[in-house]
Amino acid sequence: MEKKTNEEETQRKDSSDVKGPPKQRLTVCLISAAFFGSVGSSFLYGYNLSVVNAPASYIKTFYNKTWIDRYNEPIGDGTVTLLWSVTVSIFAIGGLVGALTVSFLIKALGRKGTLLANNALALIAALLLALGETAGSFEMLIIGRFIIGMDSGVSLSVLPMYLGEISPRQVRGSIGQFHAIFICLGVFIGQVLGLPEIFGQESRWNFLFGFLALPALLQLCVLPFLPESPRFLLMERRDEAGAEKAFQAFLGRSDVSRELEEVHAESRAQNTQRTASVLELFRKRSLRWQLITVIVVMSCYQLCGLNAIWYYTNGILQKAGFEPTLIPYITLSTGGIETLAAVISGLVIEKVGRRPLLIFGFSAMAVFFSLLTVFLHYQDRFSWMPYLSFTSILLLIASFCSGPGGVPFVLTGELFEQSYRPAAFMIAGTVNWLSNFAVGLLFPFIQEALQTFAFLLFVVVCAAGAVYLLVVLPETKNKTFMEISQSFSKINGVPDQTHEREMKDALDTATVNGLQCADVEMESSF
């Protein structure tokens, strides 16, 4: 009788365990991988977006001095402008080259291995940029900017992929937002170090570029001791023992049989162990709208106009009556707002969801761009109008970082299963950097032709992006990669019988091994 009672209590306990997924706690290993992975990757990208602003006049002076030493005559205005434009824009060209190599690198080196190898580019770039003045070579600066652009092109694709694959689905969005937070933090630190009291002086500007080596070295010291992506180990390297250890480290528990079985089920559903090519991804009918969505979101990420408003910030502050010496300190508020908004987004993304954050962000940007256009048009008539313009800029930045600034990278990793993910990130990275280059190349001409009404183009882009996401994008919060793929089956016009059959087979297999089907479905963290 006592034995029967104990058995009934055990059954009741087991049944209560499967009522819902367990709350996944964040482990030290998972946080460390997100932190140190982002320090040497996302942070460097953000830092390089802002670091060239403060020393711009000093670098042009260096170009002129070097030209005189070589050719015994001052450099022409057109030539120095050309050299400076190349120095700034070649960063995006390097990023494009880096993005195009991602699929090949991660196939050979893995996710973590590619991040580690990528630090070599950062260290080489830091040396070239920091020593260019000493060597009297402006070519070293240009080459260094190209190489650090390659570093950013690789990291902007590989890091979100790594974070998405090591994170349990309950916290996948929050961990993925480390990427966006460290981009914003990099921009802010670049602004801080560029202040005159620190490195923003003619005798110290090369230290701004030497600083690039520090985050890379920090990542090199820690990341080797953290696990590789368990999904990569299991599905592409067939290393089940290594994948099990990685799952255990990231989840903080010894029993990871459910996670292993889920990855096995996805592997059987894909019916392939090799990485798909970009051409195969374009031809895959069942992934058509996922690919279109990534292209649209990544295009809007760059074409939404955030980079363009930096052209106006200083001018607005000058018209507001601020002293030129105070403007660098006031613009620090833009970097601070970026970082704060990204942190808040990371805290709420698992409660609010990806879709609402993206739609809200792009919609709010469309509204604030419209207001900014009005304020800029009338700011010469009213002395208080520049303050409204600057407020609009701050709200624009906050709107961008609340969703569009980070969620696109999380989404790219979630919309595709393992074999198609590298190709998807290669396409997303290519679209990202081409759009970045297009904005930098075309916006000065658009601004010259349309003046303050140039921002209306960004209103159209943001509004169109919000409408598309409202109509097409399903919510991906707290879903497995297979469940996300199934949610696109209807719009792709492809019945998803294969995935259902494979999952059923996986559950049947688990049942044979002594696990209840509900346990596998409800308690798997990935």
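Helix α19 passes helix α23 in a left-handed crossing, a term used when the near helix is turned anticlockwise from the far one by less than a right angle; helices here are DSSP runs of H or I with at least four residues, numbered from the N terminus. The model is predicted, so that local features need pLDDT of at least 70 and side-chain atom pairs count only at pLDDT 80 or more, while totals for chains, interfaces and linings use all residues. Residues are numbered from 1 along each chain as its sequence is written, and side-chain values use heavy atoms, with hydrogens and water left out.

Helix α19 (residues 354-378) and helix α23 (residues 455-472) pack at about 160°, their axes 8 Å apart, where axes are lines fitted to C-alpha atoms over the stretch in contact and angles run from 0 to 180 degrees between N-to-C directions. Because of this angle, α19 is roughly antiparallel to α23 (over 145 degrees).

Elsewhere, Ser-152 lies in helix α7 (residues 138-166) and counts as buried because its relative accessibility is 0% (buried means under 20% relative accessible area, exposed over 50%, and partly exposed in between, with a 1.4 Å probe and protein chains only). Not counting residues up to four places away in sequence, Ser-152 touches Tyr-45, Phe-91 and Trp-433, contact meaning heavy atoms within 4.5 Å.

Asn-72, in the loop between α4 (56-71) and α5 (77-100), has a positive phi of about 60° although it is not a glycine, and at 68% relative accessibility it counts as exposed.

Conventions
Helices (H or I, at least four residues) and strands (E, at least two) are DSSP runs, numbered from the N terminus. Angles under 35 degrees count as roughly parallel, over 145 as roughly antiparallel, 65 to 115 as roughly perpendicular and the rest as oblique.
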